[in-house]
Amino acid sequence: MPEALQVDIERDAAIETWFGIGGRADRLARPTSVEELRQCVALDPDLKVLGEGANLLVADGGVRELVVSMERLNAVSIGDDGLVRAQAGADLMRLINDTARAGLSGLHTLAGVPASIGGAVAMNAGGAFGNTFDHLREVTTIDRRGNVRTDPASAFDARYRDGGLDGRIVVEAVFQLTGDDPKEVRRRVKDIMAKKKASQPLAADCAGCVFKNPTLSTDLQGIGEAGQRVSAGMLIDRAGCKGLTRGGASVSERHANFVVVDKQTARASDVIELIDAVRQRVDAAFGVALETEVVIWGER
């Protein structure tokens with residue numbers, strides 16, 4: 001590879017996550033171009049992609065694979081036609097605010113979702129108000145062999161908390177938004193944020209929701225019918241897990257699908273142990289197997 005494209009590799013580097021705990025990366029790169037990203041893929045096809053770190057827990061043993069932070073691939077353009085282009089490392093909440101000020105409606109439904117654009121697309125991030133793929137038009141990705149291509153959003157098998165990328169890495173996303181009154185869009189953003197602040201521990205040291213909302217396989221009296229997706233937080237609460245603690249980690253008293261940590265004392269192993277304990281209690285109480293939305297990297 002040309003020397004001019006030699007990407008810098010940091011050794012024994014901290015991996016920044018919202019939890020603020022956990023192990024380090026043996027190697028970490030921060031590519032500034034698609035060519036540098038391709039070089040990272042060539043160095044380690046099994047590399048791990050780091051966005052905002054909002055739904056990520058790094059095990060105490062750290063990560064052997066190359067970790068690639070997308071923070072410098074963050075260019076954004078907002079067109080008068082409602083087309084919005086954003087590289088993978090762009091901050092979702094900042095883009096929501098920018099498009100709201102520009103009088104563009106659509107992304108506002110993701111207000112309060114902590115993610116980079118790449119992470120949001122990869123997991124079809126969202127919530128009660130909407131999902132990333134709702135207004136996604138096309139995605140440029142790179143595969144683990146370094147091939148870059150652009151596909152319409154409809155080409156991906158996107159579903160609940162899964163963009164259907166099949167291991168491909170997001171480079172850029174294009175959204176088609178709708179012209180609207182800027183004041184009205186900003187009001188909607190504020191309303192959604194107010195609702196989330198009232199029910200979620202947004203100011204605490206925690207990630208996003210720990211578990212995906214499960215789909216019931218059988219009828220559960222007072223909870224839901226078979227085939228219905230129900231709140232993981234409700235199940236965790238009803239299983240008596242609010243306030244449950246392991247080491248420096250505990251289930252939030254405000255919202256049971258959040259784990260908060262004391263950064264001074266908590267270890268990633270505390271969070272992992274707590275996740276396992278919650279799963280066991282919910283399974284014992286309701287026969288429901290919870291699946292994590294938080295991703296866990298590295299050696300435990």
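Modeller: Arg159 has a relative accessibility of 42%, so it counts as partly exposed. Keep in mind that this is a predicted model.

Biologist: Why is Asp162 called partly exposed?

Modeller: Buried means under 20% relative accessible area and exposed means over 50%. Asp162 has 25%, so it falls in between and is partly exposed.

Biologist: What makes the contact of Arg159 and Asp162 a salt bridge?

Modeller: The cut-off is 4 Å between a side-chain nitrogen of Lys or Arg and a carboxyl oxygen of Asp or Glu. Here the N to O distance is 3.0 Å, so the pair qualifies. In general, side chains of opposite charge can pair when their charged atoms come close.

Biologist: How many salt bridges does a search of the whole structure find?

Modeller: The search finds 23. One network of salt bridges links Asp180, Glu184, Arg187, Arg188 and Asp191.

Biologist: How do you know that Arg38 forms a salt bridge with Glu35?

Modeller: Their closest N and O atoms are 3.7 Å apart, and the limit is 4 Å, so this pair is a salt bridge. Both residues lie in helix α1, 3 residues apart, or about one turn of the helix. Arg38 has a relative accessibility of 36%, so it is partly exposed. Glu35, at 39%, is partly exposed.

Biologist: Which parts of the chain does the pair of Asp143 and Arg168 link?

Modeller: Asp143 and Arg168 form a salt bridge with closest N and O atoms 3.6 Å apart. The pair links distant parts of the chain: Asp143 is in the loop between β11 and β12, and Arg168 is in the loop between β12 and β13, with 25 residues from one to the other. Both Asp143 and Arg168 are buried.

Biologist: What makes β11 and β12 a pair of strands?

Modeller: Two strands need at least two bridges to count as paired. β11 and β12 have 5 bridges, in the antiparallel sense, so they pass. Thr141 has Arg149 in β12 as its bridge partner, and Val139 stands opposite Asp151 in β12. The two strands form a hairpin with 5 residues between them, and Gly146 in the turn has a positive phi of about 90°.

Biologist: Why are β6 and β12 said to stand at the edges of their sheet?

Modeller: The open sheet has 5 strands in the order β6-β7-β13-β11-β12, paired antiparallel. β6 and β12 each have a single partner strand, so one side of each has no neighbour in the sheet. On average, neighbouring strands of this sheet are turned by 15° against each other, direction ignored. Helix α2 packs on the sheet and touches β6 and β7, its direction making about 20° with that of β6.

Biologist: How do you know that the span of helix α6 agrees with its number of residues?

Modeller: At 1.5 Å a residue, its 19 residues should span 27 Å, and the end C-alpha atoms are 27 Å apart, so the two values agree. The buried residues of α6 include Val271, Ile272, Leu274 and Phe286. Among the elements that cover the buried residues of α6 are β4, α5 and β18.

Biologist: What follows α6?

Modeller: Gly287 does, with a positive phi near 70°.

Note on methods
Residues numbered from 1 in each chain as written. Predicted model: local features only at pLDDT ≥ 70, side-chain atom pairs only at ≥ 80, totals over all residues. Heavy atoms only, no water. Helix = DSSP H or I, 4+ residues; strand = E, 2+ residues; numbered from the N terminus. Axes fitted to C-alpha atoms, helices over the stretch in contact; angles between N-to-C directions. Contact = heavy atoms within 4.5 Å. Buried < 20%, exposed > 50% of the residue type's maximum accessible area, 1.4 Å probe, protein only. Expected span 1.5 Å × (residues − 1).
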